[in-house]
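This briefing goes through a single structure by topic. Please keep the sequence and the model in view while reading.

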Amino acid sequence: MCAAGLVMAAAAPARAETAPSGTETLVVDPARAVEIALRSHPRLAEVRAREAQTRARRRQALAEAFPRIRAEASAVRRRDPGLLNSPNFEDLADAPGFDPSFLRPIPVTGYDYALKLEQTLYGGGRIAAGLAALDRDLTRQELERRAVELEVARAALVACYDVAMADARLEVLRAERASRERQLQQARDLLDVGKGTRLQWLQARAGLAGLRPREIAAEEARSAARVTLNAALGRPPMAPIDVAPGLLESARLDPLPPVGELLALLARRPDLRALDVQRQVLQLQQRLTRAEARPSLRFAGSLGISTIDPRNLTDGDFSSWDAGVYVEWSLYDGARRRARVDELAAAERESLHRRETLASQLAERLARAVADYR
């Protein structure tokens with residue numbers, strides 16, 4: 001399959017059916033191998049799970065912009081001797097005609113229920129910065145998933161052709177064995193009629209016997225190629241698998257464009273683009289950290305009933321409510337935010353250097369691959 005075919009196969013959506021398993025032999029061609037790998041490979045499942053986690057974190061961050069409503073109810077029995085512990089209680093007890101036993105605390109059960117509402121009015125830009133950072137992080141993870149998809153598709157294609165090559169090597173050795181067996185028989189026939197020598201017969205026997213180590217190595221290579229193909233498709237290592245016949249006969253090599261054009265396309269690689277987006281994420285995280293130094297404004301209120309008599313739980317005279325606006329402002333945190341911003345800035349520089357290093361390595365590998373291909 002050509003390079004363009006690899007990209008098209010990796011980009012094609014996977015069908016929903018599952019690959020055969022158990023004792024049934026799965027027969028694949030390159031397109032089918034790529035399809036199964038993109039659907040079943042554990043690396044892709046791991047990457048997709050990380051994307052799902054980030055989407056869930058984004059929903060959590062978005063929830064900060066919406067009101068929070070909760071219902072509370074309680075039935076609490078208490079005995080409060082607070083008045084008896086007052087330092088002025090003795091003055092009250094010495095007052096003429098006052099009976100101190102009237103203030104003796106008694107247990108009482110209080111009943112309360114209420115609806116409470118909280119709403120962030122101003123967060124100093126934290127919510128917007130957090131959402132923007134998570135959106136860019138999702139883009140980065142999608143690019144990383146795309147890079148893994150291309151790697152998985154390539155591994156499936158290579159493993160598929162390796163199995164075909166291993167089968168072809170065994171076919172060559174079988175043909176060579178048949179030829180050498182005929183040569184041995186001819187040497188034996190000539191020796192029997194006196195037209196050949198024993199040396200020729202022994203040489204033919206040695207040539208036939210020398211095939212066995214090569215055949216054993218080829219059989220082991222074929223078994224290893226099938227294990228590798230199963231691993232590339234995300235299947236059990238020893239699951240029965242084979243490739244479609246005539247695979248090598250239908251393969252073709254397309255001409256490559258000039259090296260300069262290929263190098264110009266490197267910037268479109270998902271792994272390089274993911275590093276570009278990662279720097280944007282780190283910049284947004286710096287903005288989010290700085291926003292923590294700004295004041296935040298929130299509204300909080302509640303409405304409910306508070307009584308000591310259950311019969312009053314529906315009486316509006318026992319209703320209670322409160323409403324207020326609260327300001328929170330972190331004035332000093334021991335330079336924690338400044339250190340966090342410095343850490344993120346250093347990570348941004350590291351990401352830039354890592355991209356430059358990776359781009360240089362990819363350019364070198366591409367030049368070598370083009371030479372090998374040609």
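Setting aside neighbours within four places in sequence, Asp137 is in contact (heavy atoms within 4.5 Å) with Thr54, Arg57 and Val281. Asp137 belongs to helix 5, where helices (H or I, at least four residues) and strands (E, at least two) are DSSP runs numbered from the N terminus. Asp137 is buried, its relative accessible area being 11%; buried means under 20% relative accessible area, exposed over 50% and partly exposed in between, with a 1.4 Å probe and protein chains only.

The model is predicted: local features need pLDDT of at least 70, side-chain atom pairs count only at pLDDT 80 or more, and totals for chains, interfaces and linings use all residues. Residues are numbered from 1 along each chain as its sequence is written, and side-chain values use heavy atoms, with hydrogens and water left out.

**Nonpolar cores**

- A nonpolar core is a set of buried Ala, Val, Leu, Ile, Met, Phe, Trp, Tyr and Cys residues joined through side-chain atoms within 4.5 Å.
- The largest nonpolar core holds 27 residues, and Leu26, Val28, Cys160, Leu229, Leu233, Val243 and Leu247 have the most contacts inside it.
- At least two residues of this core come from each of strand 1 (26-28), helix 2 (30-40), helix 3 (42-63), helix 5 (126-192), helix 7 (211-232) and strand 4 (241-243).
- Helix 5 gives the most to this core, with 11 residues.
- Apart from this core lies another, of 9 residues, including Leu173, Leu184, Ala187 and Ala204.
- Leu229, neighbours within four places in sequence excluded, touches Val28, Ala156, Ala159, Cys160, Val163, Ile241 and Val243.

**Helix 2 against helix 5**

- The axes of helix 2 and helix 5 come within 9 Å and cross at roughly 140 degrees; axes are lines fitted to C-alpha atoms, for helices over the stretch in contact, and angles run from 0 to 180 degrees between N-to-C directions.
- Helix 2 and helix 5 are therefore oblique to each other; angles under 35 degrees count as roughly parallel, over 145 as roughly antiparallel, 65 to 115 as roughly perpendicular and the rest as oblique.
- Helix 2 passes helix 5 in a right-handed crossing; a crossing is left-handed if the near helix is turned anticlockwise from the far one by less than a right angle, and right-handed if clockwise.
- From helix 2, Pro30, Ala33, Val34, Ala37 and Leu38 meet Glu149, Val152, Ala153, Ala156, Leu157, Cys160 and Tyr161 of helix 5.
- This contact has 11 nonpolar, no polar and 1 charged residues; Ala, Val, Leu, Ile, Met, Phe, Trp, Tyr, Cys and Pro count as nonpolar, Asp, Glu, Lys and Arg as charged, and the others, Gly among them, as polar.

**Helix 5 against helix 7**

- The axes of helix 5 and helix 7 come within 9 Å, crossing at roughly 160 degrees.
- That makes helix 5 roughly antiparallel to helix 7.
- Helix 5 and helix 7 cross in the left-handed sense.
- Their contact divides into 15 nonpolar, 1 polar and 12 charged residues.

- Ala335 sits in the loop between strand 6 (319-328) and helix 11 (336-373).
- Phi of Ala335 is near 65 degrees, a positive value in a residue other than glycine.
- Ala335 is partly exposed, with a relative accessible area of 41%.
- Ala335 and Arg226 are 109 residues apart along the chain, and their C-alpha atoms are separated by 58 Å.
- Ala371 is in helix 11 and counts as exposed at 52% relative accessibility.
- From C-alpha to C-alpha, Ala371 and Val27 are 33 Å apart in space, and 344 residues apart in sequence.
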